[in-house]
Amino acid sequence: MPKDHGIGASSKRREDVRFLTGRGRYTDDINLHGQAYAWFVRSPVAHGRLNKVETEAAAGMPGVLRVFTGADFEGVGGLPCGWQVTDRFGEVMQEPGHPVLAQGKVRHVGDPIAVVVAETEAQARDAAEAVVFDIEELEPVLDMKAALESAAPKVHDDLESNLCYDWGFVEENREAVNAAFDKAAHVTTLELVNQRLVPNAMEPRVAVGDYNTGTDDSTLYTTSQNPHVIRLLMGAFVLGIPEHKLRVVAPDVGGGFGSKIFHYAEEAFCTFAAKQLRRPVKWTCQRSESFITDAHGRDHVTKIELALDAEGHFQAIRTETYANMGAYLSTFAPSVPTWLHGTLMAGNYTTPLIYVNVKAVFTNTVPVDAYRGAGRPEATFQLERVIDKAAREMGIDPVEIRRKNFVTEFPYATPVAVEYDTGDYHATLDKLLEIADVAGFEARLAESKARGKLRGLGLNCYIEACGIAPSHLVGQLGARAGLYESATVRVNATGGLVVMTGSHSHGQGHETTFAQVVADMIGLDENMVEIVHGDTANTPMGMGTYGSRSLAVGGSAMVRATEKIIAKAKKIAAHLMEASPEDIELKDGAFTVAGTDKSVAWGDVTLAAYVPHNYPLEEIEPGLEETAFYDPNNFTFPAGAYACEVELDPDTGKVTILSFAAADDFGNIVNPMVVDGQVHGGLAQGIGQALLEGATYDEYGQLLSGSYMDYAMPRADDVPFYTVDHSCQTPCTHNPLGVKGCGEAGAIGSPPAVVNAVVDALQRAGHSDITHIDMPLTPSRVWAAMQG
Amino acid sequence: MAKVSMSVNGKPVTGEVEGRTLLVQFLREGLGLTGTHVGCDTSQCGACVVHVDGRAVKACAIFAAEAEGAEVTTIEGMADADGSLSTIQQAFQDHHGLQCGFCTPGMVMSAAALLAENPKPSEAEVRDYLEGNLCRCTGYHNIVKAIMAASGQDVAIAAE
Amino acid sequence: MYAFEFDRPATLDEAIALMSEEEAQALGGGQTLIPTLKQRLAAPARLVSLTAIPELAGVCVADDGALCVGATTTHAAIAQEAAAHYPALAALAGNIGDPAVRNRGTIGGSVANNDPSACYPAAVLASGATIKTANREIAADDFFEGMFATALEEGEIVTEIRFPVPEKAAYMKFEQPASRFALVGVFVAKFAGGVRVAVTGASEEGVFRWTEAEEALSANFSPDAISGLSLAADNMIGDLHGTPEYRAHLAKVMTGRAVAAAG
């Protein structure tokens, strides 16, 4: 029987009511009295020396308050990078400066050169066209391998080269891995591109800066997944505003998918300009602008080799990846192709030896950073593709080759530095075969054939490391931040609760699901619990929402704080009932003394806490409010198995997804409906990557896919109803809720299933030469592959 | 500047607009109806869909002056008269047809237009009708399900 | 958008007068023009909206059986009102863009713009339609002059498109995955006097007639008739969505499918 409330119930989302009636409050809905508008003048070229910026004409235009250029930011800090990677030789990465507005050079199309602030947006835009700049164009650096040649032009003149780092992992294993390849019975090699994607949260970024001349306080309203991180980065590293004089508010945020983690120039600009002009300054990103300014995702070029014994047991994996950083280091960019990618190369398998080499490269393109999955989709894609290729080469069934190599005993320490605490990969694979009706495939294949279509079935497994992360561990790995999470639980006198979380909800439904957890722990109606997030002024320092961490880390903090509340409330209840705190039980919102019929209601205890007339003041303080910070002691490891069935039109190359099945193990589930929704969304993004999406630059560094006219977003008719199942549950062993994280699984696990299915369809139709097609598998690419 | 008059959510409104003022700007900035969203600048995302004289229209691709005299309905005018969620809105909540909520106003307006034209659409017809509405969160699954449910059709889907 | 004067005349005469002013541009449904203005890729001094002129909207059947479509008739209206008389045209209209676009976009706007990926030019050309303006009639074969270029003169307003209705016809579109415009679209129309085949989306020169296919299909109206033909890739568009060779291939595939669909 499904539960109807509390943990495990598909409670309807309370936030929906405001969104469904047009009463959400997104950043662009915020308009402050006296607000001025910013319009950015951006580089039209990929690479050039910025010789001169003339602003006089623009400054004289109607409504213009001021025109800012890089010179205005000379005494101001640059946008910081939050992660420092150490290369395989023990040297730290090359880390270029990242000015708020370009100084001396422009390094990608979209790099900001100047900003006009005016009374209206139209005036600012009109005047922006009057800003005159002189750019001496330089040869753009675009191809990653060419960028590393000694004669290549440099993106950053002050760096030695375009190489950010050359990372080896695990470097000590390198020779042993090579030796394993030398004696392997079979080696499968695959070269592939994990293409650049544009995140495309439906809400474009917006920033509104405000300055209080009376108190010298600055406030930034911004579309962020992590307002405290923005406050720390912008306050401490860019503008020099101490955190107690800076408030960052991320109200309703229309999706993030990673792209709203990072600190962007426009946020710093609006905060800075508001103080300079003594007026609120608002910037609303145009979609075409977000294509050339939001951090992009993926963009890896990889060669992976898999060594097997004669029976198909994996002996070793060796990879070489070129990872595009773009023109600057976005906030967490260096961590993505390294610690979020290399550590997942074991997948669900017992491969004993792994060596991952990643060369991170600067190019004259938009910076690249975490996008839904971040590093883990890249790891999963290459691994699950090369396994499929190996199975085909060796004549082993793709299901069997995976089963042969599954990790089955936990905890399992991989050769790439992480320890899986729990899992059951056979169980999710069994469930997948059932829900995808793999047994019935041959009959469906015959039906497609009869209609002149090709049909294919692809499947794969995945594992991801979520719930980032133990601070001591990420500190060793180069993070310049801790990755705990926080919660304050405030119980009011009349019994209602306000939970202030450092996590941020931008679609995940925390206002509902977090309330389910706290209400369940105490035994209250969920409507008695209010979740507050997104404002540094009223939430404890938190690291925000990304990496499928909110419930596993933020939820754990909330559990810890609620446990403190319960412990204190029991002491109060014990006092009221003249019993010992150890004998107090809390059930369904009432305290009882074990073995007696004595009882006090939750509201009696909370009232006593704030009206402490009859209260153990000598033992405990009045009030009922507790804060907890939770620092996880490991990642969580959601895992599962996915299957995709496609039909291919041999005349046009068009691929249609007929069905997609996902069997996931997320550990315990708080709200099954919300979990399903997270998987659905991830699947669409993964299918989008596999078939539709790709950011393409031309040889001049212009983004060809710079709008929805050319960047294909998945639409409702591109995808089927998905079949999802999360009944296989091995609870996480190290967090109090036993939860793992579900936000990225769909995006991580689905691209290989789709590509495996297309290759399967082509192979079955006799195209034995086609072992791989690079994503996106557009009709033209598939057709071209079929032409040989 | 020119004067424009129309009915928005059943109430007569007037305002001063430039020729280049889009209907979505008039609604958001002129009338403070911020439920209608702007998600792109090429008229493709559909977050701004409203009804003009009963038909779904992208409010970012029509000038305010072109809606002179028209009956305009926005997401703010979709709830039932007593303020409770309409059948379509309720179906979106019941079936988790929204996550971040940004595309939601356009989705609801398109869904309402669809069901007005075609009260019992097939799954394929629903998906086809949503061609001009992008959602990045839901993978469309629960949006399609919600619209089917709002039309009074069975939405049982395997393995759920 | 740059600022401009905006007019919404109620009569054609007023519209013609306004269009004679400097840098005036006609506005149909605006589904292409408004996004273009937003990108500041066009800067008219005056926009003349044609959508309040009653005589320019609507579908009717002429005495000779031709279908007369007013220039400001929306795609949605054509999908509905032309369905009984010219189902292939109605089906084409009902599959342009998305429902909201179809509720605003007009046939006159589309034809006057002559986007190389638009659907209507294929129907107009394959049907041998006549484009009527305020002061003349232009045969489809003379109207389309290459990408975004037409025989229209400065300030000339399309008022009506007159379609001879073929015995059989169908339009097959292969959509560009992002924009959903035609990567290649082929309209096949079979008249008593022969078959006309118009291809949109494919060529650098805009919509064109595939005369070899017309001849083959005039002799034998079946998909097999074109199996031995091929289109040269020379003038085809090549971009990130498809090479010239792919477009040439698709044009043939879509022609065959259109013939099959026309029956």
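What follows is a short exchange on confidence, strands, helices and chain contacts.

Me: What kind of model is this, and how does it score?
Reply: It is a predicted model. It scores ipTM 0.97 and pTM 0.97.

Me: What makes S2(A) and S4(A) a pair?
Reply: Two strands pair if there are at least two bridges between them. Strand S2 (residues 48–54) and strand S4 (residues 105–106) of chain A are joined by two bridges. The pair therefore meets the cut-off. The two strands run antiparallel. Gly48(A) has Val106(A) in S4(A) as its bridge partner.

Me: What joins S2(A) to S6(A), and in which direction do they run?
Reply: Six bridges join S2(A) to strand S6 (residues 132–137) of chain A. They run antiparallel. Val53(A) stands opposite Phe133(A) in S6(A).

Me: Which record annotation covers residues 21–139 of chain A?
Reply: An unreviewed UniProt entry annotates them as "domain: Aldehyde oxidase/xanthine dehydrogenase a/b hammerhead". In the model, the span is 10% helix and 29% strand. Its end C-alpha atoms lie 51 Å apart.

Me: Why are S18 and S28 of chain A called edge strands?
Reply: The sheet is open, with four strands in the order S18-S26-S27-S28 (chain A). Strand S18 (454–463) and strand S28 (722–725) each have a single partner strand, so one side of each is left without a neighbour in the sheet. Neighbouring strands here are turned by 10° against each other on average, direction ignored. The pairing is mixed.

Me: How do you know that S27(A) and S28(A) pair?
Reply: Four bridges join strand S27 (residues 655–665) of chain A to S28(A). At least two are needed, so the two strands pair. They run parallel. Ala662(A) stands opposite Val724(A) in S28(A).

Me: At what angle do H14(A) and H15(A) cross, and which hand does the crossing have?
Reply: The axes of helix H14 (residues 510–522) and helix H15 (residues 550–576) of chain A come within 10 Å and cross at roughly 35°. The crossing is right-handed. On the H14(A) side, the residues in contact include Phe514(A), Val518(A) and Ile522(A). On the H15(A) side they include Gly555(A), Met558(A) and Ile566(A). By class, this contact has eight nonpolar, four polar and no charged residues.

Me: What makes a residue part of the contact of chain A with chain B?
Reply: The test is a C-beta distance within 7 Å. The contact takes 49 residues from chain A and 48 residues from chain B. H17(A) gives the largest share of the side of chain A, eight residues. That side divides into 22 nonpolar, 15 polar and twelve charged residues.

Me: Which element of chain B gives the most to the side that touches chain C?
Reply: This contact takes 22 residues from chain B and 22 residues from chain C. On the side of chain B, S4(B) gives the most, with four residues. Strand S4 (55–58) and helix H3 (104–117) of chain B each supply at least two. By class, the side of chain B has nine nonpolar, six polar and seven charged residues.

Notes
Residues are numbered from 1 along each chain as its sequence is written. Chains are lettered from A and ligands numbered from 1 in the order in which they are written. This is a predicted model: local features need pLDDT of at least 70, side-chain atom pairs count only at pLDDT 80 or more; totals for chains, interfaces and linings use all residues. Axes are lines fitted to C-alpha atoms, for helices over the stretch in contact, and angles run from 0 to 180 degrees between N-to-C directions. UniProt positions are given in the numbering used here, feature names are shortened, and annotations may be inferred rather than shown by experiment. Two residues are in contact if their C-beta atoms, placed from the backbone, lie within 7 Å. Ala, Val, Leu, Ile, Met, Phe, Trp, Tyr, Cys and Pro count as nonpolar, Asp, Glu, Lys and Arg as charged, and the others, Gly among them, as polar. A crossing is left-handed if the near helix is turned anticlockwise from the far one by less than a right angle, and right-handed if clockwise.
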